[in-house]
Amino acid sequence: MKKTKYIFLIVSFLISFSCALYVTLLFFPMNSFSKSKQENSVLAKIQDGDIIFQTSESSQCEAVRIATRSKFSHCGIIFTVNGKQFVFEAVQPVKLTPLDKWIEHGKDGKYVVKRLKNATAVLDSKTLEKMKNYGNQFMGKQYDAYFEWTDTKIYCSELVWKIYKNSADIELCKLQELKDFNLADERVQKVLKERYGNAIPLQEKVVSPSNLSDSKLLITVLDNY
């Protein structure tokens, strides 16, 4: 009798365990745990001051990509705040965006992370603090759709370039003029017409995400394109 009781209890336990396991796997597949662990491992490689690039989906971003002959149309700088990773970016308005949310906003979740070759020696805690403090003056400012080289409004690659230049005395790349880009494409012409009419400021100083990504001062840390 006792033996039958024990067998019944064991069978009941196994059935309950199997049901619980089935429900768990149904709602939380094993690959989701594996994917989450893999993503955390990847994000752990990112450091303060790294620059992150992506392809954004909008008519203006498409025009930027075409004009600069690059897959990148948006970028930001990674800052750790209260133990969490954010991307400081110039959108509408300038703000800190949680890193995972920023990645989701890009096309297909693709991104590239780059870092100063001598980051360990140059980007010490004091310099990083200066970078964050300098960047704070732009927090909440409007996005500069006209790509003017002023501090009144600001665009994404301009924000990154100025933070490095004015906080760490590092020019990540040479500035260009608007006329240096590929402006002949009709999609680019359409955006230029909407922005400037017939008065396109061809001599305006500009810096693009592709200028930054091509910087010889940077190395690639992560690339999932």
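**Helix packing and sheet order in a predicted model**

The crossing of α3 and α8 is left-handed, a term used when the near helix is turned anticlockwise from the far one by less than a right angle, clockwise being right-handed. Helices here are DSSP runs (H or I, at least four residues), as are strands (E, at least two), both numbered from the N terminus. The model is predicted, so local features need pLDDT of at least 70 and side-chain atom pairs count only at pLDDT 80 or more, while totals for chains, interfaces and linings use all residues. Residues are numbered from 1 along each chain as its sequence is written, and side-chain values use heavy atoms, with hydrogens and water left out.

The axes of α3 (residues 59-67) and α8 (residues 186-196) come within 9 Å and cross at roughly 120 degrees; axes are lines fitted to C-alpha atoms, for helices over the stretch in contact, and angles run from 0 to 180 degrees between N-to-C directions. That makes α3 oblique to α8, the class left after roughly parallel (under 35 degrees), roughly antiparallel (over 145) and roughly perpendicular (65 to 115). In α3, residues including Ile 66 and Ala 67 meet Arg 187, Val 188, Val 191 and Arg 195 of α8, contact being heavy atoms within 4.5 Å.

Turning to the sheet, six strands form an open, antiparallel arrangement in the order β4-β3-β2-β1-β5-β8, where pairing requires at least two DSSP bridges between two strands. β4 (94-98) and β8 (218-223) stand at the edges with a single partner strand each, so one side of each is left without a neighbour in the sheet. The twist averages 35 degrees from one strand to the next.
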